[in-house]
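Subject: Structure handover

Hello,

Here is the structure you asked to look at. Please open it before reading the notes below.

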Amino acid sequence: MSSPGPASRPSTAKKRPYRKPAQDPARRLAFDALRAVDERDAYANLVLPALLRKAEQDVNFTRRDAAFATELVYGTLRMRGSYDAIIAACVDRPLGKIDPPVLDVISLGAHQLLATRIPTHAAVSATVDLARTVLTDGPAKFVNAVLRKISQHDLDTWLEKVAPPYEEDAEDHLGVLFSHPRWVVSALWDALGVWQPEAAGRTAMEELLAADNDRPAVTLVARPGRSTVEELRSALDEDATEAGRWSPYAVRLAEGGDPADLRAVRENRAGVQDEGSQMVAAALAAAPLEGRDSVWLDGCAGPGGKAALLGALAAERGAALVASEAQPHRARLVARALEGNPGPYAVITADGTRPAWKAGSFDRVLVDVPCSGLGALRRRPEARWRRRPADVANFAPLQRGLLRSAIDATRPGGVVGYATCSPHLAETRVVVQDVLKGREDVEWIDARETLPGVPHLGDGPDIQLWPHLHGTDAMYLALLRKR
Ligand SMILES: C[S@@+](CC[C@H](N)C(=O)[O-])C[C@H]1O[C@@H](n2cnc3c(N)ncnc32)[C@H](O)[C@@H]1O
């Protein structure tokens, strides 16, 4: 990074005239977002909208700037693993020795050079201008030198150079190619091997990891009895929408559609919800049950997506929903999600492992437990770098405790759903098998039968969804019946 300063130049050297760096609000905003993610452990999906709202107060900040900044932030965070490997090949020191803000600027430049159609000279000069604005001149020169090296090859050529051969280390190879930590590649591969043994080879893994890097389409839920798929589609440009593939309540928006423009969303009759989450709620509601069907519990309800769909489904059947959540601020979100629910409901703040209700009170119970979130990596670009293998072990006691309490809360003949947005085996089937050990009062229900026509769910009785096979988050669901 050291470069001779002006004073040490030979006196004959021609001084370049000083040029003020061009100000570029989109790249600057993207840099600020990356810093917030690095420094404050901020979530990109929270920090970016806040920065955009602020920037949009300036009339010169256009929609195009907003879209570009969003692409830079999400793309750079998501592909960080691949870019780090490429940057490491272009510098003569370990990446840990590069100042994090300098590395952020280089990564933003790498993303423009390797994954956008921005011409090379524009990507380099605009990023060096950013470096001159947010760093000092020395680091800006370093950024310039590294970006020039990166610009010598396209992404595929670089990946071929920096990834270890597949035959030598398949997990590392895929991890570098598809920008996933190695332990996540291993965990996903283990799970895919159990659920889809016929289709868990290299190609399937490449498809799964590539799907994690795709930005998911925005999916809406038309809450039954309150809105319909037809209403949502006709309120939008119909050609820019698609009915869901699996959930009868889902509408998928084409790029650029804004859910906030919809009256049904503003009135809480519809919402934004991944189709996988809709399928979990619908499957619990469809599970066969003996006798009464009038009181349901969502034991881990925050922020309330599934509770809102369950509330609407319960109302159609004349049943009531109790939505419980441990965190008060998340319980408030649940209350907002359920506002206007056509049937009776209550939102309570309670620790689901120390229930605030009498055992055997409920006919249907869902626990969508806290988990590593490895099934929703496409939504949270920084999550894969933040999670650690130890997180999975740390969630284990809570997941088991919540499932035990859910079973206790269910009356004989009633049903329990255990869900995660992770396919990690230690958070899914292993938890249910552990909890059921030695319990004679619970039996499995074949969850596949609650989702007729949906392929690739596994051999049962529980189900696992996959981004590359279903276009949903990788949700897991086990359905159980209390004897
Ligand atoms: C995966 S999220 C649930 C998502 C929710 N079902 C939805 O669709 O919007 C898990 C939730 O469980 C809550 N939680 C964590 N520990 C809990 C506990 N001991 N009892 C009840 N809820 C808990 C978390 O605060 C979080 O809101």
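Predicted model: local features only at pLDDT ≥ 70, side-chain atom pairs only at ≥ 80, totals over all residues.

Residues are numbered from 1 along each chain as its sequence is written, and side-chain values use heavy atoms, with hydrogens and water left out.

Ligand site

There are 20 residues around the ligand, and Glu-325, Arg-330, Asp-351, Gly-352 and Asp-368 come nearest (near means that a heavy atom of the residue lies within 4 Å). Polar contacts are pairs of N or O atoms within 3.5 Å. A polar side-chain atom of Glu-325 is 2.6 Å from a ligand oxygen atom. For Asp-351, a polar side-chain atom is 2.8 Å from a nitrogen atom of the ligand, and a backbone N or O atom of Gly-352 lies 2.7 Å from a ligand nitrogen atom. On its own the ligand has 600 Å² of accessible area (Shrake-Rupley method, 1.4 Å probe), and the protein covers 86% of that. Helices H15 (305-316) and H18 (389-409) each supply at least two residues of the shell (a helix is a DSSP run of H or I, at least four residues).

Helix H2

Helix H2 runs over residues 44-55. Its buried residues (under 20% relative accessible area, 1.4 Å probe, protein chains only) are Ala-44, Val-47, Leu-48, Leu-52 and Ala-55. They lie on the same side of H2, because they cover an arc of only 130° around the axis (taken from the directions from the axis to the C-beta atoms). Leu-46, Arg-53 and Lys-54, on the other side of H2, are exposed (over 50%).

Regards

Notes. Polar contact = N/O pair within 3.5 Å; in protein donor to acceptor, adjacent residues only side chain to side chain. Expected span 1.5 Å × (residues − 1).
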